[in-house]
Amino acid sequence: MAFKQTLFRLLYRIGFTPWDGHPVAAQLQKLVEELPAGNAIDLGCGTGDASIYLAQHGWTVTGVDYVDRPLDAARAKAAAAKAQVNFVKADVTKLSHEGVGDNFHLIVDNGCLHNLSDGDRVHYVREVSAVAAPHARLLITAFLPGGRFGVRGVEPAEMQRRFSAGWTLLSSGREGQLDEEQTPTNYYLYERENP
Ligand SMILES: C[S@@+](CC[C@H](N)C(=O)[O-])C[C@H]1O[C@@H](n2cnc3c(N)ncnc32)[C@H](O)[C@@H]1O
């Protein structure tokens with residue numbers, strides 16, 4: 001994890017962030033139209049666009065990233081938009097120990113899981129499950145393998161395997177662009193089973 005965190009720090013410092021500023025995911029917009037507002041967490045929130053979008057639609061939002069620079073930018077953007085978001089520096093693989101809260105009704109991930117190592121993916125699933133409310137929705141947007149710049153991506157079969165316990169897949173399919181390169185991207189929408 002330390003290497004990837006250092007890499008993200010460097011990428012933000014030099015301004016090489018091709019993901020930044022992509023449109024709000026179509027599936028997230030659809031979900032926001034369907035669900036009553038509640039508590040949401042945005043995992044690997046970057047400069048906060050999805051968090052701010054949710055806050056503007058009535059959600060109480062925590063945005064989490066482990067790099068300071070995008071969090072600072074996210075706070076500035078939220079202030080400019082007059083949106084109330086709690087941006088917190090935390091590692092998504094340790095969520096339940098990072099004081100980010102729990103009982104989230106909606107968990108959103110735009111491009112975070114897809115770059116984690118195998119070991120971190122195990123921790124991620126455990127931690128996301130720990131902070132989810134009963135019947136929470138989890139919307140993950142992720143590159144398929146083979147994208148550019150060495151992002152690992154994730155196969156649908158791997159998603160099925162990793163979320164087979166405690167989560168029900170409601171729908172999945174192609175999502176619009178998550179980066180400037182229009183790398184093929186899927187969404188996965190899960191519902192937390194009542195533990
Ligand atoms: C591809 S960017 C996407 C940012 C934002 N979600 C968006 O759509 O613009 C991935 C983000 O996840 C963050 N990240 C990656 N691994 C993380 C981890 N283990 N804990 C917290 N944040 C992480 C990175 O710092 C980066 O901001």
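Select Asp91 to begin, which lies in the loop between strand 3 and strand 4; helices and strands here are DSSP runs, helices being H or I of at least four residues and strands E of at least two, numbered from the N terminus. The model is a predicted one, in which local features need pLDDT of at least 70 and side-chain atom pairs count only at pLDDT 80 or more, while totals for chains, interfaces and linings use all residues. Residues are numbered from 1 along each chain as its sequence is written.

Not counting residues up to four places away in sequence, Asp91 touches Tyr66 and Glu98, a contact being two C-beta atoms, placed from the backbone, within 7 Å. If you then select Gly146, you will find it 55 residues from Asp91 in sequence and 25 Å away in space, C-alpha to C-alpha.

Stay in the loop between strand 3 and strand 4 and select Asn103, which has a positive phi of about 60° although it is not a glycine. Asn103 is exposed, because 11 other C-beta atoms lie within 10 Å. Next select Lys82, in the loop between helix 4 and strand 3, where phi is near 55°, again a positive value in a residue other than glycine.

Seven of them form an open sheet of mixed pairing, in the order 3-2-1-4-5-7-6, and two strands count as paired if DSSP finds at least two bridges between them. The edge strands, each pairing on one side only, are strand 3 (85–89) and strand 6 (167–175). On average, neighbouring strands of this sheet are turned by 15° against each other, direction ignored; axes are lines fitted to C-alpha atoms, for helices over the stretch in contact, and angles run from 0 to 180 degrees between N-to-C directions.

Select helix 3 (residues 49–56), which packs on the sheet and touches strand 1 (39–43), strand 2 (60–65), strand 3 and strand 4 (104–110), its direction making about 175° with that of strand 2. Helix 4 (residues 68–80) also packs on the sheet, where it touches strand 2 and strand 3 and makes about 170° with the direction of strand 3.

Strand 1 and strand 2 pair in the parallel sense over five bridges; in strand 2, Thr60 is the bridge partner of Asn39, and Val64 is that of Leu43. Strand 1 is largely enclosed by the rest of the structure, because four of its five residues are buried.

Move on to the largest nonpolar core, which has 46 residues, with Ala40, Ile41, Phe104, Ile107, Val108 and Leu138 having the most contacts inside it; such a core is a set of buried Ala, Val, Leu, Ile, Met, Phe, Trp, Tyr and Cys residues joined through C-beta atoms within 7 Å. Its largest share, seven residues, comes from strand 5 (residues 132–143).

Finish at the ligand, where 19 residues lie around it and Gly44, Gly46, Tyr66, Asn110 and Gly111 come nearest, a residue being near if its C-beta atom, placed from the backbone, lies within 6 Å.

Terms used
A residue is buried if 20 or more other C-beta atoms lie within 10 Å of its own, exposed if 12 or fewer, and partly exposed in between; C-beta atoms are placed from the backbone.
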